[in-house]
Amino acid sequence: MHKAEYTTCLIAGGGPAGVMLGLLLARAGVEVTVLEKHADFLRDFRGDTVHASTIRLLDELGLGEGFRRLPQSRLGNFRLPTPSGDSVMLADFGLLKAPYNYVAMVPQWDLLSFLVEAAGHEQAFTLRMSTEATDLLRDGTGKVIGVAYRSRAGNGEETGEIRADLTVACDGRGSVLRARAGLVPREFPVPFDTWWFRLPRNADETEPVASIAPRFAGSEVLLSLTRRDYHQIAYLAAKGLDPTLRAEGVEAFRARVARLRPDLADRVDHIRSMDDLHLLDVKLNRLPTWHRPGLLLLGDAAHAMSPAGGVGINLAIQDAVAAARVIASPLLSRTLDGGHLAAVQKRRRLPTAIVQTFQRLLHRVVFAQVMAGKQPNPPKALLFVARNFPAFRKLPARMIAFGPRPEHAPGFARRKPDPAPEPHHGG
């Protein structure tokens, strides 16, 4: 059966940018429909870092207390490797003003479920799971007027169309709608790929404040993020190495991990097979233009970020906030035009370029050196200042925690803080 429907704003993709934009627009009274192709949000090793800028935004939305009740750990500092094999603290989040003096590590499915629950209180918000936008609809002038979709319900499949005043592509770095619009991002070279996996934490391991301190050996890197009951680990090696790693088998990979982290050698058997490794084909790119008539692209669909610094989620959410502030009113009055869409890109283009420039620098001075089998060689002046002037660590901490041009919640979306939950009595 082929159904045609209508909504004011159609958002393709139920990730952080799509769900946040849907929540904000719904609070403004804009009828919004979000399509998410999966049946749930339970996918491992998506970005899990929630930075101070996002935590502050959640406070402004009246959702901060609820967010803090989600299972999470705190990241307190970021360390940079040195040629001598040790590391120096580059960013100390503890120097920032409380309560925004840390980066939270929260499973992305918990964050998304939390935001969807908040959005569900808004009458104008609709979320359609197991529904994927597959193509753009256009009028006679070429303007985008909605999407074609495919929905999976039970064992069946349904197709349909949803027309909309504005279509927003938040469908990730492999964006289907971006391809259908004929938009091609500018790619920047990336020297590595990342393989994510997890290992359990022992009961005697207590790290109240986690840090990121990479371990290097030859042309390999291991990054460990401390979670409440496990270590989330990223193995970094030269781009394109995945077929070789999988051909070598799980025993060889366990040996690689044990060599890089001898303190974790007692539990590498928890990597049961190579299927436990989740490959991230690392990309760094951005679109020259983030919009077409009737279409706006945000988050990874507009600019894929490197995992360096873990800023992808937060930039996507900042995009959503900036977009909501610009487009909510013209959507309500049905006066939205290309100038509004251009204004969103103008607001978010520079912060994106700044962060990507920082990531490219990190790739060049650290990761490209390691992938070539050399010791990482950060600028000596940077290491000297970081070692000898502790107050300096506040600057990179603020850049990572808030980023350039952090966004505040628009007035129409602000709410008083959520009340504490009622005590639950079984019965």
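**Figure 1. Salt-bridge network around Arg348.** In this predicted model, Asp319, Arg325, Arg347, Arg348 and Glu407 are linked in a network of salt bridges (a side-chain nitrogen of Lys or Arg within 4 Å of a carboxyl oxygen of Asp or Glu). Residues are numbered from 1 along each chain as its sequence is written, and side-chain values use heavy atoms, with hydrogens and water left out. Local features need pLDDT of at least 70 and side-chain atom pairs count only at pLDDT 80 or more, whereas totals for chains, interfaces and linings use all residues. Asp319 meets Arg348 at 3.2 Å, N to O, and Glu407 meets Arg348 at 3.0 Å, N to O. Glu407 lies in the segment after helix 11 (394-402) and Arg348 in helix 9, so this pair ties together parts that are 59 residues apart in sequence; helices (H or I, at least four residues) and strands (E, at least two) are DSSP runs, numbered from the N terminus. Both Asp319 and Arg348 are buried, and Glu407 is buried as well, at 1% relative accessibility. Here buried means under 20% relative accessible area, exposed over 50% and partly exposed in between (1.4 Å probe, protein chains only).

**Figure 2. Salt bridge between Glu132 and Arg150**. The structure holds 25 salt bridges; in the one shown, the side chains of Glu132 and Arg150 meet at 3.1 Å, N to O. Distant parts of the chain are linked by this pair, with Glu132 in strand 8 (residues 131-138) and Arg150 in strand 9 (residues 144-153), 18 residues apart. Glu132 is buried, with a relative accessible area of 15%, whereas Arg150 is partly exposed, at 25%.

**Figure 3. Aromatic cluster of Trp195, Phe197, Tyr235 and Phe253**. The structure has five aromatic pairs (rings of Phe, Tyr and Trp, the last by its six-membered ring, with centres within 6.5 Å; planes under 30 degrees apart count as stacked, over 60 as edge-to-face and the rest as tilted). Among them, Phe197 and Phe253 are edge-to-face, 5.5 Å centre to centre with 80 degrees between the planes. Because Phe197 lies in strand 12 (residues 192-200) and Phe253 in helix 7 (residues 250-260), the pair ties together parts 56 residues apart in sequence. Phe197 is buried at 1% relative accessibility, and Phe253 is buried with a relative accessible area of 1%. Tyr235 and Phe253 also form an edge-to-face pair, at 5.1 Å centre to centre and 75 degrees between the planes. Tyr235 belongs to strand 16 (residues 230-238), 18 residues apart from Phe253 in helix 7.

**Figure 4. Arginine charges over the rings of Tyr102 and Phe402**. The charged end of Arg74 sits over the ring of Tyr102, 3.7 Å from its centre. That of Arg398 sits over the ring of Phe402, 4.6 Å from the ring centre. The criterion is NZ of Lys or CZ of Arg within 6 Å of the ring centre and within 35 degrees of the ring normal.

Figure 5. The structure holds zero disulfides (pairs of cysteine sulfur atoms within 2.5 Å). The sulfur of Cys9 is 8.5 Å from the closest cysteine sulfur, in Cys170, which is too far for a bond. Cys9 is buried at 0% relative accessibility, and Cys170 is buried at 10%.
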